[in-house]
Each structure stands twice: as structure tokens, then as C-alpha cells.
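Subject: Structure handover, with notes on salt bridges and helix packing

Dear colleague,

Please find the structure below, followed by my notes on what was found in it.

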Amino acid sequence: MTAHSGVPGPAGRGDIDDAQQLANYALARLKGLFPDRLRLKLPTVEVVRLFVSTLSREMARRGVTRGMVEAGLQRVASECDWPPVDVPVFLRFCSPVRDYQAAFAEAQEQAYLRNVGLGGCPAAWSHPAVYWAGSRFGWFELRNSGWDRAAGRWAAVLDEVLAWGAWPDIEPLAIPGQAKLQTRAVQLQAVAAMRAKLAAAVAGGAAAEGWERRPVVE
């Protein structure tokens, strides 16, 4: 974790030998799951070596663990008819956050709720990485960005956060006082109060705070 924020910094390259072993393990498991179809996807020794080397580099870069690979292989076994040998696709199965657009929508919704003090508590998030990606992305920017515009930056930020491998607890929401809650009810109360002041001022009422008649100085 960084000294000031309590948030981990970017993951290092990791142990390349461990990543190589993990990539070979993933390949062996894929062979067991798709013995015939894997040969169609990876037809030559050169293609197999390229897949393993690329997978091992990305595993090391992203800090992929054995547990993440096991979880990914279980998803592959239950969801796929063909082996996912595109490295980014396979690693997405191993990720605790698989649907980046859905994660963006979740973070955006929770950002709105946190802004008005009505949600965004730790239990509301599907995974701490989604919260920390939102924090890194910027809550204001998150609330005011559309997916088409934000997709590239969101993916980069979420990838960085997922590469931590372990995540701090989600920060609890500090509930502001009633006057600072920008809920619809509070907004309507403020409008009603302002209208009352204006009405009193128009009528010449000396009791309207801030609108008292001042004596005319000759």
C-alpha cells in the first residue's frame, strides 16, 4: 500500500517462473476440458508456445494467482463450448470483475448515491475493486460521464486496480448533516423557504430575513 492513501500501488512484474508454471497449468486444464477443440484452436507447437508465453507475461503483469485461475477455469467449464484461447478473454474469466460495462454502471450508480448520502456503503458494492476503480477514476467524473466516452479510461483504471491482487476495505460513507443532503425533499424545502422570503419582501414585510426595509438616507 502507498504511504499516504492506504491504497496499493501498481502491481510489479511478479515472478516470471511462477507465471510460466501457471500458464502451463492453465493450458493443461484446457486440454483436459476441450481435448479435441483445443487442437483446432492451437493447431501447431509454435501457436501453443505463443499462447503460453503471452499468457504468462500477462499473468505476471496483472498479478494473477492460482486461485484466480482455478475460479476462471471453473467458469470456463460451465460457460464455454470452445476453449477461450484469446489471452484477454481467458484472463477476464479469471478476474473477480468480468463485465467492465456493468462495473461502470454499478460504480456510477453508487457514486450518485454517495453524493446525496443515501447509499454507496461497503455492503452495496459487488467487489472492492469496483469501488477503488471508481475512487481512482474520480467520483465527479464518474457521475458525469457516459459509457461511450469513459470506456477506455475506465478499462485502464479497472485493470490497474485489479492488478493489485488484494484490495483495502471499502471506505465507509460519512453521512452529512440534513442541511447538506441534496435530496429532492431537501431541495423542495429550500425552494419553498426562498419563495416565502421573496413573497414577504414583495409585500414589504420587515420580517423577511435579509429583505428588511432600510431607511432612506437623504
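Helices are DSSP runs (H or I, at least four residues), numbered from the N terminus. This is a predicted model, in which local features need pLDDT of at least 70 and side-chain atom pairs count only at pLDDT 80 or more, while totals for chains, interfaces and linings use all residues. Residues are numbered from 1 along each chain as its sequence is written, and side-chain values use heavy atoms, with hydrogens and water left out.

On helix packing, the axes of α4 and α5 lie 7 Å apart and meet at an angle of about 105°, so α4 is roughly perpendicular to α5 (a class that covers 65 to 115 degrees). The contact (heavy atoms within 4.5 Å) is made on the α4 side by Met-68, Val-69, Gly-72, Leu-73, Arg-75, Val-76 and Glu-79, and on the α5 side by Phe-90, Phe-93 and Cys-94. Sorted by class, this contact has 7 nonpolar, 1 polar and 2 charged residues, where Ala, Val, Leu, Ile, Met, Phe, Trp, Tyr, Cys and Pro count as nonpolar, Asp, Glu, Lys and Arg as charged, and the others, Gly among them, as polar.

Turning to charged pairs, the whole structure holds 7 salt bridges, each defined as a side-chain nitrogen of Lys or Arg within 4 Å of a carboxyl oxygen of Asp or Glu. Glu-79, listed above in the α4 contact, also forms a salt bridge with Arg-98, with the closest N and O atoms 2.9 Å apart. This pair links distant parts of the chain, since Glu-79 belongs to helix α4 (residues 66-79) and Arg-98 to the loop between α5 (87-94) and α6 (100-115), 19 residues apart. Both partners are partly exposed, Arg-98 with a relative accessible area of 30% and Glu-79 with 45% (buried means under 20%, exposed over 50%, and partly exposed in between, with a 1.4 Å probe and protein chains only).

Other pairs sit within a single helix. In α2 (residues 35-41), Arg-39 and Asp-36 are 3 residues apart and therefore separated by about one helical turn; their closest N and O atoms are 2.6 Å apart, and both residues are exposed. In α3 (residues 45-62), Arg-62 and Glu-58 are 4 residues apart, about one turn of the helix, and their salt bridge has its closest N and O atoms 3.2 Å apart. Arg-62 counts as partly exposed, at 22% relative accessibility. Finally, Arg-29, Arg-66 and Glu-70 are linked in a network of salt bridges.

Best regards

Conventions:
Helix = DSSP H or I, 4+ residues; strand = E, 2+ residues; numbered from the N terminus. Axes fitted to C-alpha atoms, helices over the stretch in contact; angles between N-to-C directions. Parallel < 35°, antiparallel > 145°, perpendicular 65-115°, else oblique.
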